[in-house]
Amino acid sequence: MDEVAFERFACAPGLRLEAHERLTTVHFEHLERRLCRIEELMERLEKRLWLTVYGVVAIVLATGFQSIMAAIPH
């Protein structure tokens with residue numbers, strides 16, 4: 001008996017599933033890029049926050065040091 005190799009053919013449900021998989025892949029790639037961008041922005045914001053905290057601490061210490069220097073008689 002001859003075995004006949006059947007060619008694969010594109011059917012509507014198969015094409016639809018394939019298109020959905022491609023679309024899902026594109027969505028996940030876009031989501032990954034957006035998440036990376038958000039992480040970068042959060043890191044920059046965190047650096048700015050720490051710089052602000054250190055600045056406030058420096059001002060408080062400088063004010064305290066200035067008060068101590070003013071209280072010491074010359």
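User: Lys and Arg count as positive and Asp and Glu as negative, while His and the chain ends are not counted, so which residues form the negative surface patch here?
Analyst: This is a predicted model, where local features need pLDDT of at least 70, side-chain atom pairs count only at pLDDT 80 or more, and totals for chains, interfaces and linings use all residues. Residues are numbered from 1 along each chain as its sequence is written, and side-chain values use heavy atoms, leaving out hydrogens and water. The negative patch is formed by Glu 32, Glu 39, Glu 40, Glu 43 and Glu 46. Patch residues have over 30% relative accessible area (Shrake-Rupley method, 1.4 Å probe, only the protein chains shown counting as cover for residues) and no salt bridge, with like charges joined within 9 Å and nonpolar side chains (Val, Leu, Ile, Met, Phe, Trp, Tyr) within 5 Å. A charge is placed at NZ of Lys, CZ of Arg, CG of Asp or CD of Glu.

User: Where is Glu 40?
Analyst: Glu 40 lies in helix 1, and at 45% relative accessibility it is partly exposed, because that term covers values between buried (under 20%) and exposed (over 50%).

User: How many helices and strands are there?
Analyst: The chain has one helix and zero strands, these being DSSP runs numbered from the N terminus (helices H or I, at least four residues; strands E, at least two).

User: OK, and how many salt bridges?
Analyst: The whole structure holds one salt bridge, meaning a side-chain nitrogen of Lys or Arg within 4 Å of a carboxyl oxygen of Asp or Glu. Glu 18 pairs with Arg 22, their closest N and O atoms being 3.2 Å apart.

User: How far apart are they along the helix?
Analyst: Glu 18 and Arg 22 are four residues apart in helix 1, so about one helical turn separates them.

User: What about a nonpolar patch?
Analyst: Leu 49, Trp 50, Val 53, Tyr 54, Val 57 and Leu 61 make one of about 630 Å². Leu 49 sits in helix 1, residues 12–71, and is exposed at 53% relative accessible area.

Note on methods:
Buried < 20%, exposed > 50% of the residue type's maximum accessible area, 1.4 Å probe, protein only. Lys, Arg positive; Asp, Glu negative; His and termini not counted.
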